[in-house]
Amino acid sequence: MTTPSKSSLLLCLLLGIYASLFSQNKMQLPMEDLPPVSLEAAGLNPDSVQRLLDLIDQQTRYDFRSFILIKDQKMVLEEYRNSFWRETIHDIRSAGKSVTALLMGIAIDQGLVESAEARVYDFFPEITPPTKAHRDIRIKHLLHMSSGLDADTDDSDTPGNSYNWIAQDDWITPVLNLSMTFEPDSRWVYNDACAMLCAAIIEKTSGKSLSDFAREHLFTPLGEREFYWFQNASGTTGGMGNLYISNLTFAKLGLLVLNKGKYQGKQIISSSWIEQCMTPALDLNDDWPEGTQYGFFWYLYPVQENGKTYQCAYATGNGGNKVFVLPELNMVLAVQSSAYGQGYGHGRAWYILYALLRALK
């Protein structure tokens, strides 16, 4: 029997190290803050999950981007498709409204804004409220999409529809001069104007753009550095959407909500504000096919699967961009897709959620 030489042993060792390094996906290396866990250890059936992945791969549409599943504070699945990966940022559209709500909580925590009860027009003394009723609009009414201002995203004939002011340098004045069509908090009407005003209040009180405020107080504490948030010519950030973030950042935002404002032991947003965001305020059964109730720019929906009902809070944006938070399962699912203007994008995100719930043992 021939004894291998030292040189051949060294070569085998080097080849082993090389194979080990390159067997890993270098774009998805393990992270300290989200340690990986196997499907079995997370309580999911591997065969069921594989069927889901096969269905995604069999799609003829190429607008699916990613989904990330976090359970029990660990990374269970991190799937990317169509040239996207962990560092790619993506427009989550109106899911950015839910991020604006989180930032309003930080502004209140810092004392920049007194509370959600603060009157909106007090922040803009240069604009005279058109009526006494306007003077009573409060931040909570903006966050509930129930300001009463004549703005409706689904009705282009309303003067407050974003198409009527989005191209202007000054977004604030035309919106605050809108007439009122109902008493605040008596109805829910989906619109961009409410989220835009929330962003403007944060910018005015902090002296920073919403983008810079978010970088300093939200994204950097989450360990995320890459994002883009649209600003108009006058420097006002579009707090109503057009926020580009990676799906990992999207998932971490869901994890922040799941953990009542805490991330990696640090309280980034007060738990009381997270509770307010998740407190049902208005019933959406007749107005919104995906949600039953609404909090502060977050939707609340009871998900039923496996004969059980799980309370779910979620943010949603055109194209099928969603982050689902299910506290009872200690679970977050983030989905990114660019099926803009296509209903199937939303349906696909819901299908992924239900498929994963069915995969739970």
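Select α10 to start: 12 of its 12 residues are buried, so the helix is largely enclosed by the rest of the structure. Buried here means under 20% relative accessible area with a 1.4 Å probe, protein chains only. You're looking at a predicted model, where local features need pLDDT of at least 70, side-chain atom pairs count only at pLDDT 80 or more, and totals for chains, interfaces and linings use all residues. Residues are numbered from 1 along each chain as its sequence is written, and side-chain values use heavy atoms, with hydrogens and water left out.

To pick out α10, select residues 247-258; the span from first C-alpha to last is 16 Å, close to the 16 Å expected at 1.5 Å a residue.

Next, Phe250 and Leu253: both are buried in α10, and both line the second largest cavity, along with residues including Trp298 and Val323. A cavity is a set of points on a 1 Å grid over the protein atoms alone where a 1.4 Å probe fits but cannot get out; lining residues have an atom within 4 Å of a point. This one has a volume of about 30 Å³, the space filled by probe spheres set on the points. α4 gives the most to its lining, three residues.

Last stop: the largest cavity, with about 40 Å³ of space. Select Ser94, Lys97, Ser98, Tyr190, Tyr294, Phe297, Tyr299, Ala315 and Thr316 to show its lining. Both α4 (96-109) and β11 (308-317) give two or more residues to that lining.

Terms used: Helix = DSSP H or I, 4+ residues; strand = E, 2+ residues; numbered from the N terminus. Expected span 1.5 Å × (residues − 1). Buried < 20%, exposed > 50% of the residue type's maximum accessible area, 1.4 Å probe, protein only. 1 Å grid on protein atoms, 1.4 Å probe; cavity = no way out; pocket = protein on both sides within 12 Å on 5 of 7 lines; lining within 4 Å.
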